[in-house]
Every structure is written in C-alpha cells, then in structure tokens.
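Subject: Model for your files, with notes

Dear colleague,

Please find the model below. My notes on it follow.

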Amino acid sequence: MWKKLEISDEKFFMNCALTDDEKMICVLFSRNKCWFATLTDDEIKQKVELLNNRMEYNKFVKNTLLNGDLAQASIEELAQTSISGGVNKRLLKLKYRIEELPFKFEWSLTQACTEEFQRNFFVPLLLAVDGYRQQVQELKSIIHKKDEEIKEYRGEGFTLRRTTAITRPFDADEFNNKRKDHKYLK
C-alpha cells in the first residue's frame, strides 16, 4: 500500500509489497528519484530481531511492514558515490507501533536505474491507473443504467416511497470535471 511521507520538508511515496518469489520489496519515490531494496523473509527476521529486543518476526509484523501506519520516518544518506549526480544509497528508518510497543525497521535503499524504476514503479502505476479508469467507466455505466431504470419506473406511473435517499440523476460531465480539478502533488 502506497504511503505519502514528508521527511525534512521533502515529499516521498513509499510502498512495501511482496514479490512473486515471496521476497519483500520497498520502493521509495520522490519527484525525480526512486530507491528500492528487496529482502528475503530470513533477512527481514534478522533485522527485526536486531532492531527490536522484545519482538519476534511473525505474520503480524510482516503485515505491519506491508500495510501498517508509520509513526515516524527518517532518511540518512549512506554513500557519496553517485548515479547521475545524486546519492545512490540511503537508509530509510521506519518506526511503527504494534500493540503499544515501538517497532523499528530499516531499509538500505539503492537508487533505481531506469529499468528498475519502470519495473518497480512506473509499470505498476500505469496498470493501476488503467484499472482505475476501467472501474470508473464501469461504475458510471451502472449508475446511468440505475437512473434509466428509475426514470422508466416513474414513467410507468409508479412512485418511490423512500424519501430519505432522494438523489438527482447522475451528471457524468460534472463528475469528470470534479475529478480533473484535483491536485495530487503540491
């Protein structure tokens, strides 16, 4: 699940997800750069035990890494070597709360090259946008059919007795214009 982070007045998007081979990948994206890291279950278990004295790695901890709400995040630059003029390694330090206990985790991220960026961020983003577009079209079609059904129902002389759920007919143009007005990155 993508999370929006603000660290030192810089905006980021972060996602942790499982890969096809059951590894966990963390992707951190800023406006112009992308970093990533992939860890096996054993590597995650070692980090959890190293950073958290009172916690063991289990499905609940794994789910927290994948979907949990962050309490705090920070970034440290690890290496001064560069890729295209920027730092290529960063340490992403994350803090969560699990049953009122602090839970820490760190990702040693590497700056993504173009192919990695496309595979880990851009292609999934395009697929999600296309899926969203298809869902919106399908839902608009269903709403339009429901409006036609109500119109036909009333045209046959029937009245709707529910007064608590009165709605006006769906205006697709108004809906489309409202969606275009949103500013996601400010």
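Helices (H or I, at least four residues) and strands (E, at least two) are DSSP runs, numbered from the N terminus. This is a predicted model, in which local features need pLDDT of at least 70 and side-chain atom pairs count only at pLDDT 80 or more, while totals for chains, interfaces and linings use all residues. Residues are numbered from 1 along each chain as its sequence is written, and side-chain values use heavy atoms, with hydrogens and water left out.

Overall layout

The protein chain is split into domain 1 (3–112) and domain 2 (118–183); these bounds come from an automatic or database domain assignment. Between the C-alpha centres of the two domains there are 37 Å. UniProt, in an unreviewed entry, lists residues 129–156 as "coiled-coil region". UniProt positions are given here in the numbering of this model, feature names are shortened, and annotations may be inferred rather than shown by experiment. In the model, residues 129–156 are 96% helix and 0% strand, with 41 Å between the end C-alpha atoms.

Asn-52 sits in the loop between helix H1 (41–51) and helix H2 (59–67). Asn-52 counts as buried because its relative accessible area is 4%; buried means under 20%, exposed over 50%, and partly exposed in between, with a 1.4 Å probe and protein chains only. Neighbours within four places in sequence aside, Asn-52 is in contact (heavy atoms within 4.5 Å) with Lys-47, Pro-102, Phe-103 and Lys-104. Lys-47 also lies over the face of Phe-105, at 5.9 Å from the ring centre. The rule for a charge over a ring is NZ of Lys or CZ of Arg within 6 Å of the ring centre and within 35 degrees of the ring normal.

Aromatic pairs

The search of the whole structure gave five aromatic pairs. Rings of Phe, Tyr and Trp (its six-membered ring) pair if their centres lie within 6.5 Å; planes under 30 degrees apart are stacked, over 60 edge-to-face, and the rest tilted. One of the pairs is Tyr-96 with Phe-103, tilted, at 5.7 Å centre to centre and 35° between the planes. Both Tyr-96 and Phe-103 are buried. Another is Phe-170 with Phe-175, also tilted, at 5.7 Å centre to centre and 50° between the planes. Phe-170 is partly exposed, at 28% relative accessibility, and Phe-175 is partly exposed at 30%.

Leu-28 belongs to strand S3 (residues 24–29) and is buried, with a relative accessible area of 0%. From Leu-28 to Phe-103 the C-alpha separation is 20 Å, at 75 residues apart along the chain. Glu-22 lies in the loop between strand S2 (10–18) and S3, and is partly exposed at 48% relative accessibility. Glu-22 and Asp-130 are 108 residues apart in sequence, with 26 Å from C-alpha to C-alpha.

Cysteines

With a disulfide taken as a pair of cysteine sulfur atoms within 2.5 Å, the count is zero disulfides. For Cys-16, the nearest cysteine sulfur is that of Cys-26, 3.8 Å away. Cys-16 is buried, with a relative accessible area of 2%. Cys-34 is in no disulfide either, and its nearest cysteine sulfur, again that of Cys-26, is 9.6 Å away. Cys-34 is buried too, at 4%.

Regards
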